[in-house]
Amino acid sequence: MQVETRHVLVFAPEPESFGEFCTSVRRQPWIDGEVGDARCSWCGEGLCLEIDMVENLEDAAIALHSGYYNLVLVDCRHLPEMGLDSRKQERKLLDFLEMVNNEKDIERRYPLRRIIVLVGDEDHDREDQLIFRMGAERVGACLRDPSIACCTDPEEARAEFIDRLWKEARRVLVGRRRGKKAISAAGGGITGIFYELGVLKCLHDAMDSDIRDFDLYLGISGGAVVSSCLANGISIDEMIRKIGDLDHSWRYRLQLSWKQLNLLEVPKRMLFLQKEAARYLRRMIRREDQFNMASLFGLYAILLGPIFDNAPFEKAMRSLFTGEGRSNDFRGLGPELFIGATDQDTREHVLFGEPGLDDVPISRAVQASAAMHPFFPSVEINGRKYTDGIVTRTSNLRAAINHGADLVFIIDPFVPLITDEVGFNARHGNMWIVEQDYKTMSFTRFSQAREEMARANPFVNTYTFVPSNRMRRLMAKQNPFVSRNFNRIVCEAYRSTFRRLKKLEYKMTGELAAHNIRMNLERVAERVEELRRVRKVDVRILLEDSDDSSRVA
C-alpha cells in the first residue's frame with residue numbers, strides 16, 4: 001500500500017493532555033510511531049502523520065507562517081486526574097481560532113476546514129457547549145473522546161476514538177478528489193494587460209507546470225485578451241513579444257490613435273441630438289421643462305458618443321485565433337474559456353462560452369468584454385448590446401468555482417491608488433477622481449465577494465495578485481488606455497509577483513503539490529536580480545532564448 005505522508009501541527013494548551021494521548025496512540029497495534037518532546041510521527045493504514053506540537057499562541061503563529069501543515073489538531077480534552085485547567089484550555093482554543101480568523105491577508109489565513117478539535121470532559125454540559133461553539137466557528141471537525149467520561153471500557157472507547165480521528169484525517173488529507181485549476185483575469189485597460197503579462201510570466205517561471213496547462217480560463221475586459229490567448233495555447237512569451245512590439249510579424253498594435261477614431265458615430269449622434277432637441281423644445285412649449293444650463297448640458301452630452309472604433313481590435317484577435325492549432329470557437333478549445341461581459345440594457349452579467357453563448361466567436365466576445373464606455377461602442381451580438389464586463393463583475397471567481405475549480409489564481413490590476421496625502425486626488429482633476437472611484441468600487445465589490453466565497457467554499461484555494469501601491473503609482477501616471485511604459489510595467493509586475501510568491505511560498509508549496517505542481521523560485525529570483533542590476537529594464541531579460549510560441553489546443 002502506498003503511504004501518504006502529511007504534516008500536522010498540534011496545538012495543546014495543556015501539553016500533558018497530548019502526551020497522554022500519544023501514549024494511547026502508541027498502544028494501537030495498527031499504528032507505528034516515534035515520539036519526541038515536540039515532534040513525533042504516526043504511521044498506519046497508508047497514512048503517515050509527521051507531527052509538530054506547540055503549546056502557546058506565539059509559537060503556533062510562527063509555525064503556521066513558516067511551514068506548510070496539511071492539518072491542525074487542537075487538543076482541548078479536559079483530563080481531571082491531571083489537574084488541568086479546563087477554562088485555560090477553552091480560552092486558548094478560542095484565542096487560537098481568533099488568531100487564525102483575524103489574519104488580514106486572506107490567502108495567508110489557515111483554512112478552518114483543516115482544523116480538527118479534540119474535546120472530552122466529565123462535564124457533559126461543558127463538552128456539548130464546546131462542540132456547539134466549534135460548529136459555529138466552522139472548524140473542519142470536532143471529535144468527542146468518550147473515554148474521559150464514565151464508560152465500561154475506557155481503553156476500548158479510546159481505541160475507537162483514535163480510529164475515528166484517523167478516518168477523519170484520511171478524509172481531509174487523502175480522500176478528497178482534487179478539482180480543476182483556473183486562472184481568472186480582471187480588467188484594467190492596456191496598462192492592466194501589461195501588468196497581467198508580468199504576473200503570468202512570473203507564475204509560469206515559478207512552476208514546473210506550463211501556465212497553459214490549466215483547466216479553466218476566465219477573463220473580463222483586458223483580462224479577456226490574455227485568458228483567451230492562454231486558452232488557445234499561445235505562450236506568455238509570445239504574448240509579450242506581440243504586445244510589446246518585439247514580434248514585427250504581428251501588425252496590430254495595442255494602442256489607440258487617431259486612425260481608430262469612431263468617426264462613423266458622429267452622424268448618428270447628430271441625429272440623436274436633433275431628435276432630443278425637438279423633444280426638449282416641445283416640453284418647453286408645454287411648460288413641462290425649463291430653459292437652464294442643466295438641460296443644455298444634457299443635450300450636449302448626447303454628442304459624446306464612443307470615442308474609438310474597436311472593430312480593428314476584433315479583427316486582429318480573430319486573425320490571431322484562426323492560426324494553425326488555434327480556434328475562434330469556444331467549443332473547439334482544449335481547456336474551458338469563459339469571457340464575461342455586461343448586457344448594456346438589462347445590466348446583467350453574461351459569460352460567453354457557457355451553453356447557449358458558446359457559439360459566439362471568441363474574438364467577438366473579447367471585443368464585447370473590453371468595450372468600456374466612453375472609449376468604445378457597445379458590441380451587438382445576437383440582437384443584444386454588450387459592454388465591458390467589469391461593470392457587473394470584477395472577477396468571475398464564483399463562475400470558476402461553479403465550473404469545478406478548487407485552485408484559482410486571480411489577477412486584478414483594476415485597483416485604486418492609496419495615499420495619506422490630503423488633497424492628492426483633488427489636484428489631479430475630475431477624470432482622475434472618476435477613474436479612482438470606479439477602481440475603488442470595483443475592488444471593494446471584489447474583496448467582499450472573495451470573503452463570502454472563502455466562507456462558502458472552504459475547499460477552494462485562491463491566490464490574488466494585485467499591483468503594489470508602488471506599482472499603482474507607475475500605472476496611474478498614464479491613462480489606462482495609453483500604450484506606454486510597457487517594459488517598466490511588465491518587469492515591475494514580475495518583481496512584485498515574486499515578492500508575493502516569496503511571502504506565500506510556505507503555503508502555496510503544499511497547496512500546489514496537491515495539484516501535482518512543484519513551485520521553485522530560484523529561476524525567478526535570478527531574473528529579478530538581473531532586473532535589479534540593469535540601468536534600464538527590458539522585458540527581453542524575462543524571455544526564453546527559444547520559445548515554443550504556440551501548440552495545438
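# Briefing on a predicted chain and its packing

In helix α12, the buried residues are Ile362, Ser363, Ala365, Val366, Gln367, Ala368 and Ser369.

The model is predicted: local features need pLDDT of at least 70, and side-chain atom pairs count only at pLDDT 80 or more, while totals for chains, interfaces and linings use all residues. Residues are numbered from 1 along each chain as its sequence is written, and side-chain values use heavy atoms, with hydrogens and water left out.

**The chain as a whole**

- The chain contains 17 helices and 15 strands; these are DSSP runs numbered from the N terminus, a helix (H or I) having at least four residues and a strand (E) at least two.
- Of the chain's 553 residues, 53% count as buried.
- Among contacts (heavy atoms within 4.5 Å) between residues at least 6 apart in sequence, 75% join residues at least 24 apart.

**Confidence**

- The mean pLDDT (the predictor's confidence in each residue, from 0 to 100) of the chain is 85, and 86% of the residues reach 70 or more.
- Confidence in the chain is highest in strand β9 (residues 216-220), at a mean of 97, and lowest in helix α10 (residues 293-302), at 53.
- Over residues 546-553 the pLDDT is below 50, and this stretch has 27 contacts in the model beyond near neighbours in sequence.
- Where pLDDT is low, the predicted coordinates should not be read in detail.

**Helices α2 and α3**

- Two packed helices are described by the angle between their axes and the distance between the axes.
- The axes of α2 (residues 57-64) and α3 (residues 86-101) cross at roughly 35 degrees and come within 11 Å; axes are lines fitted to C-alpha atoms over the stretch in contact, and angles run from 0 to 180 degrees between N-to-C directions.
- On the side of α2 the contact is made by Leu57, Ala60, Ala61 and Leu64, and on the side of α3 by Lys92, Asp95, Phe96, Met99 and Val100.

**Two residues of helix α16**

- Cys491 is found in α16, which spans residues 486-513, and Cys491 is buried because its relative accessible area is 0%.
- Beyond residues up to four places away in sequence, Cys491 touches Leu531, Val537, Asp538, Val539 and Leu542.
- The C-alpha atoms of Cys491 and Cys202 are separated by 9.5 Å, although these residues are 289 residues apart along the chain.
- Tyr506 also lies in α16, and Tyr506 counts as buried because its relative accessibility is 11%.
- Apart from neighbours within four places in sequence, Tyr506 is in contact with Leu64, His65, Ser66, Gly67, Tyr68 and Arg108.

**Asn461 in strand β15**

- Asn461 belongs to β15 (residues 461-465), and Asn461 counts as buried because its relative accessibility is 5%.
- Setting aside neighbours within four places in sequence, Asn461 is in contact with Arg113, Asp406, Leu407, Val408 and Glu511.
- The side chains of Asn461 and Arg113 are joined by a polar contact of 3.1 Å; such a contact is a pair of N or O atoms within 3.5 Å, and within protein one must be able to donate a hydrogen and the other to accept it, residues adjacent in sequence counting only if both atoms are side-chain atoms.

Notes. Buried < 20%, exposed > 50% of the residue type's maximum accessible area, 1.4 Å probe, protein only.
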